[in-house]
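I opened this model to look up ring pairs, salt bridges and cavities. My notes follow.

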Amino acid sequence: MLLHGVGWAIIAIYFIVSLAIGLAVVRRAGSSASEYFLSGRNMPWWLLGTSMVATTFATDTPNLVTGLVRKDGVAGNWAWFSFLLTGMLTVFVFARLWSRSGVLTDMELYELRYGGRSAAFLRGFRAVYLGVFFNVMIMAIVTLAAVKIGAVLLGFSPLQTILAAAVTTVIYSSLGGLSGVLLTDFFQFILAMSGSIAAAWFCVGLPQVGGLHRLLENEHVQGKLGMLPDFSPVSLESTITVFILPLAVLWWSSWYPGSEPGGGGYIAQRMLAARNERHAVGATLLFNAAHYALRPWPWILVALSSLVVFPDVASLASRFPHVDPQFVKDDLAYPAMLTFLPAGILGLVAASLIAAYMSTISTHLNWGSSYVVNDVYRRFIRPDASERALVRAGRLSTVLLMAAACIVALWLEDAPQGFYILLQVGAGTGLLFILRWFWWRINAWSEIAAMVVSF
């Protein structure tokens, strides 16, 4: 256990503030389903945009970026950089369309757009498929990263980490609804970015690394620095995988949470919660700017520094013999580098990673619960349910989703593994989410066929 008094105090203060924010909006959140899931459709662009980027800033994201950089260099991030094209399409085309739709969830759009039994089936099925199964997988990947960080920094077992991380998140997410999530996201994003910048500063300055100049000249780092991959015939296969296919195909063809072609998921939820179309556009523009241009660079610096200190997986395994061998992959290098931080800074960084975890999980819990309640429970089971009954169902489904995610997390091994599973399962469906707004030939069976084939 590397944390001492100062570090634990920082973490304790963080938990108290997060719980206080959630409890402060309990009464407002419980008044109706619209308040619980969309904050009364009256949120400003800056709060919604910050919440979007805080949600995509998860505990698994630094690990994922570290694994990509250690394997394919900085250019390996084109696997997700390419989704900027999707993001810009959402900003300038789809944000206004979602704001005008007036739906409570993006699943509700199916029956407005298509109609008939096939549309009703698609709405209900995708609500369960995305809101439960897919959503649980996403939260499990995020929880897996928390397990690795807890093992390295705190000496916790996987079960201890899961219980500690999940309980607080479930409390404020289930009680405060989307308003509680948005307010805590704003606080958590500031803390998370402060921690990641501090971590990068100290990791680059380690004696083993020797500062930025020596880092860039190190033999283990030199071949990893290019923003573009190596286009020589020797590296052609890697170039196709990490650069050409993502830019040519991946961004418009695949459904991935936070980067859905045509908008969708919790991004659509934020746009639907905006005061008006202008705030919906501003929120998505802020999100894309922070997501791609600001957020990843501290992680990339830590990943490059890790190549100097831990040049391979074997060096990681020898440094952390107490960590379960199934978890010792390249993505473990990020929490491994944090063990070199001073006690006070380590407390800040640990709190920032907890904040990153909780901001992502809380959004996915509220988003998944909105599908379960609005598109399954109210649509097919109890159409006449009162507003308070819907809120109660939302709180119960929030707890159950978190429990399922914690169980699945114990089966996974590394962050890139989960990332590629999600990309593969969502492949081939993305183009329909763009075309359905403009081409009348797209119907419910088009989406059902694409979803079945991709799975």
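How many aromatic pairs does the count come to? I get 22 aromatic pairs. My rule pairs rings of Phe, Tyr and Trp (its six-membered ring) if their centres lie within 6.5 Å; planes under 30 degrees apart are stacked, over 60 edge-to-face, and the rest tilted.

I note the ground rules here. This is a predicted model, in which local features need pLDDT of at least 70 and side-chain atom pairs count only at pLDDT 80 or more, while totals for chains, interfaces and linings use all residues. Residues are numbered from 1 along each chain as its sequence is written, and side-chain values use heavy atoms, with hydrogens and water left out.

**Ring pairs**

I looked up Trp46 and Phe186. They form an edge-to-face pair, 5.4 Å centre to centre with 75° between the planes. Trp46 sits in helix H4 (residues 45–56) and Phe186 in helix H10 (residues 158–204), so this pair links parts of the chain 140 residues apart. Helices here are DSSP runs (H or I, at least four residues), numbered from the N terminus. Trp46 is partly exposed because its relative accessibility is 38%. Phe186 is partly exposed too, at 32%. My classes are buried under 20% relative accessible area, exposed over 50%, and partly exposed in between (1.4 Å probe, protein chains only).

Next I took Trp80 and Tyr292. This pair is stacked, at 5.7 Å centre to centre and 25° between the planes. Trp80 is in helix H6 (residues 78–81) and Tyr292 in helix H14 (residues 277–294), so the pair ties together parts 212 residues apart in sequence. Both residues are buried. Ring pairs also link Trp78, Trp80, Phe81, Phe243 and Tyr292 into a cluster.

**Salt bridges**

How many salt bridges does the count come to? I find eight. The rule asks for a side-chain nitrogen of Lys or Arg within 4 Å of a carboxyl oxygen of Asp or Glu.

I checked Asp375 and Arg123. Their closest N and O atoms are 2.8 Å apart. The bridge links Asp375 in helix H18 with Arg123 in helix H9, 252 residues apart. Both partners are buried.

Arg270 and Asp185 also meet in a salt bridge, at 3.8 Å from N to O. Arg270 lies in helix H13 (residues 265–272) and Asp185 in helix H10, 85 residues apart. Arg270 counts as buried because its relative accessible area is 0%. Asp185 is buried as well, at 0%.

A further bridge joins Glu447 and Arg436, with the closest N and O atoms 3.2 Å apart. Both are buried. Bridges that share partners join Glu111, Arg123, Asp375 and Arg379 into one network.

**Cavities**

I then listed cavities of 30 Å³ or more and found six. A cavity is a set of points on a 1 Å grid over the protein atoms alone where a 1.4 Å probe fits but cannot get out; lining residues have an atom within 4 Å of a point. Grid points are joined across faces, edges and corners, and a volume is the space filled by probe spheres set on the points.

The largest cavity holds about 360 Å³. Its lining has 26 residues, with Thr56, Asp60, Thr61, Tyr256 and Pro257 nearest the centre. Which helix gives the most to this lining? H5 does, with four residues.

Note on methods
Helices (H or I, at least four residues) and strands (E, at least two) are DSSP runs, numbered from the N terminus. On a 1 Å grid over the protein atoms alone, a cavity is a set of points where a 1.4 Å probe fits but cannot get out, and a pocket is an open set with protein on both sides within 12 Å along at least five of seven lines; lining residues have an atom within 4 Å of a point.
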